[in-house]
Amino acid sequence: MPVIEAHALTKTYGELNAVDGIDFEVAPGESFGLLGPNGAGKSTAMRMIGGTSLRTSGTLLVNGLDPETHGPEVRASLGVVPQTDNLDPELKARDNLLMYGRYFGLPYSYLRPKADELLEFAQLTDKAAEKVDNLSGGMKRRLTIARSLINDPSVLLLDEPTTGLDPQARHILWDRLFRLKETGVTLIVTTHFMDEAEQLCDRLVVMDHGRIVAEGSPASLIRQYSTREVLELRFGSERNAALVDRLRGFATRIEALPDRVLLYAEDGEESLAAVRRDGLEPVTSLVRRSSLEDVFLRLTGRSLVE
Amino acid sequence: MSELTLSVTPPDTDRVARAARQAARVRRWGWWYQAEWRLFSMKAYLSSVFGWAVLVPLLYVLAMGVGLGALVDGRSGGIDGVPYLTFVAPGLLVSTAVMSFSNEMMFPVMSGFKWQELYFARAATSGSAGQVAIAELVAVTIRSLGESAIFWVVLISLGATSGGLSALMIPIGALSGLALGAPIAAYSATLANEGFQFSMIQRFVLNPMFLFAGTFYPLATMPVYLQWIGWISPMWHGTQLARALSFGLPLSGAEIAFHLGFLIVAAATGCALTIRNFRRRLTK
């Protein structure tokens with residue numbers, strides 16, 4: 001049985017279709033991503049899974065139950081990491097975990113050792129008695145993740161888990177999430193960072209304007225919608241657009257962005273050499289592998305992070 | 001084959017059964033789990049709560065009861081047949097309870113949705129959106145009972161009231177607080193952005209209700225066109241009941257029913273609206 005089954009899932013706010021009839025399924029133990037820019041409907045979809053946003057139409061089953069009619073039962077086996085760390089700043093780190101566990105109706109005899117175990121997992125043991133107000137951003141994020149695990153959930157919903165964190169803090173977090181995945185927890189992640197999606201997700205859907213525009217593993221999406229490599233050229237903001245027609249012959253596909261031109265090719269170095277042979281000398285050039293960013297650009301005509 | 005199924009199924013069934021048991025417990029007691037922790041987190045400012053609960057009655061009773069009282073008693077021999085301090089004390093208990101309750105239902109409620117988003121955190125647990133609202137109201141009612149009890153002890157120690165029935169002023173104070181605090185909570189839950197609304201409530205709702213609710217003199221001494229402020233003020237209804245309990249202000253059965261009925265209806269309506277508005281906001 002899939003952990004999550006959504007069919008024609010829709011949420012409208014007045015005129016706006018925040019989520020516009022999406023279908024997806026998530027298998028147990030899978031790490032599933034919702035990738036898209038801000039406002040694509042990712043967070044709304046996540047909140048519907050927890051039954052904290054009521055859907056306009058469509059069907060949704062989480063562990064075989066409808067979250068709207070069986071909210072307490074569904075949420076009992078769900079861990080939620082929201083976009084903002086809504087911890088209680090007045091309480092100590094450990095008390096935040098105990099409190100949250102209590103809201104799930106769990107007894108303190110279970111919660112006390114569990115809280116210590118999770119503080120250890122989040123590398124916060126020495127901060128157990130510290131007030132949340134005094135923790136750094138990365139520590140708060142880890143504490144929020146620890147909090148989401150207090151009820152031993154089978155499904156973890158992570159909404160933009162590493163937004164606003166520095167690179168080191170992100171890597172620590174990713175490492176912790178990997179370990180969870182290894183224990184069989186199903187991860188559902190929303191992100192607008194392609195590197196995060198590539199790191200964390202077995203499979204993902206790309207969302208735009210409330211719709212799913214593509215689905216697959218990160219590698220298969222890149223194979224399907226992009227070339228192996230990308231050549232990024234800068235000729236100066238005035239000339240970029242003007243040169244597009246002349247560059248067309250050197251690539252499978254071309255995208256002209258305000259600050260640079262992207263040439264999609266199997267071999268970027270070779271394309272660069274060909275461009276130079278043609279007498280064009282870019283101000284800067286860069287050859288890189290295709291990423292989900294390129295997939296998104298192809299699918300929607302827009303960048304993920306604007 | 002059957003062995004394989006057996007080795008896989010139990011942990012899963014276990015998990016499902018455990019989740020169902022937890023959820024059943026939370027459906028019944030979730031409001032209390034949350035209220036308990038709301039009260040616990042108040043301990044961060046417990047000393048100031050306690051300080052205020054002692055200081056405010058002392059200040060009011062000294063200024064109004066003793067200072068103003070000397071003047072009133074000297075001129076007219078008290079009000080309603082009792083010394084001014086005795087007359088004013090129940091009103092001070094009730095209006096302080098209403099003020100304190102109302103304040104706890106303004107910025108803290110807005111913060112639960114807007115700044116700290118603690119309500120959203122609670123709604124993501126097994127608890128329901130309605131329970132988040134109930135927990136908030138219950139926790140602040142319990143706190144209000146505590147504050148009113150301290151106020152009552154201060155009044156007794158100053159000789160402003162006697163024991164016995166006057167202890168019932170404690171629940172009357174908390175009920176009066178809920179009668180205004182709950183409607184304010186319902187309103188606060190609808191605010192998207194903090195603006196001038198709370199200071200407007202303070203200036204144009206709380207202050208007039210305090211000044212024109214017959215706290216310092218019988219409402220009947222006011223011209224009729226101002227008396228309506230007292231009629232719609234939970235402070236007046238609570239104060240009248242508290243006076244009957246504290247020094248035996250003669251109230252008919254109908255009057256008692258009217259005052260109590262007003263407070264209960266206002267509190268119940270406010271609670272129902274708070275639950276509805278919390279639900280709307282937390283399941284948007």
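In this predicted model, the axes of helix 3 and helix 5 (residues 137–148) of chain A come within 9 Å and cross at roughly 30 degrees. Because angles under 35 degrees count as roughly parallel, helix 3 of chain A is roughly parallel to helix 5 of chain A. The crossing of these two helices of chain A is right-handed. Helix 3 of chain A contributes A93(A), N96(A), L97(A) and Y100(A) to the contact, while helix 5 of chain A contributes L143(A), A146(A) and R147(A). By residue class, the contact of helix 3 with helix 5 of chain A divides into 5 nonpolar, 1 polar and 1 charged.

**Nonpolar cores**

The largest nonpolar core has 80 residues, and those with the most contacts inside it are I4(A), L143(A), L156(A) and I188(A). Helix 3 of chain A, spanning residues 93–103, supplies the largest share of this core, with 6 residues.

For L156(A), residues up to four places away in sequence being set aside, the residues touched are G79(A), V80(A), V81(A), S148(A), L149(A), L177(A), L180(A), V185(A), T186(A), L187(A) and I188(A).

**Chain A as a whole**

Chain A contains 11 helices and 13 strands. Its C-alpha atoms fill a box of roughly 75 × 45 × 35 Å along the principal axes. Of the 306 residues of chain A, 57% count as buried. Among contacts in chain A with a separation of 6 or more, 69% join residues 24 or more positions apart.

**Positive phi in chain A**

Most residues other than glycine have a negative phi. N63(A) has a positive phi of about 50 degrees although it is not a glycine, and Q123(A), also not a glycine, has a positive phi of about 55 degrees. N63(A) lies in the loop between strand 4 (57–62) and helix 2 (71–76) of chain A. Q123(A) is found in the loop between helix 4 (108–121) and helix 5 of chain A.

| Residue | Phi | Relative accessibility |
|---|---|---|
| N63(A) | N63(A): about 50 degrees | N63(A): 28%, partly exposed |
| Q123(A) | Q123(A): about 55 degrees | Q123(A): 41%, partly exposed |

F210(B) belongs to helix 8 (residues 197–211) of chain B. With a relative accessible area of 11%, F210(B) is buried, since buried means under 20%. Its neighbours within four places in sequence left aside, F210(B) is in contact with Y60(B), S95(B), M99(B), T215(B), F216(B) and M235(B). Of these, S95(B) is 115 residues from F210(B) along the chain, yet their C-alpha atoms are separated by 6.5 Å.

C271(B) is found in helix 11 (residues 253–282) of chain B. This residue too is buried, with a relative accessible area of 19%. Not counting residues up to four places away in sequence, C271(B) touches L137(B), L178(B) and A182(B). C271(B) and Y225(B) are 46 residues apart in sequence and 30 Å apart in space, C-alpha to C-alpha.

Key:
Residues numbered from 1 in each chain as written. Chains lettered and ligands numbered in written order. Predicted model: local features only at pLDDT ≥ 70, side-chain atom pairs only at ≥ 80, totals over all residues. Heavy atoms only, no water. Core = buried A, V, L, I, M, F, W, Y, C linked by side-chain atoms within 4.5 Å. Buried < 20%, exposed > 50% of the residue type's maximum accessible area, 1.4 Å probe, protein only. Helix = DSSP H or I, 4+ residues; strand = E, 2+ residues; numbered from the N terminus. Contact = heavy atoms within 4.5 Å. Axes fitted to C-alpha atoms, helices over the stretch in contact; angles between N-to-C directions. Parallel < 35°, antiparallel > 145°, perpendicular 65-115°, else oblique. Left-handed = near helix turned anticlockwise from the far one by under 90°. Nonpolar A, V, L, I, M, F, W, Y, C, P; charged D, E, K, R; others polar.
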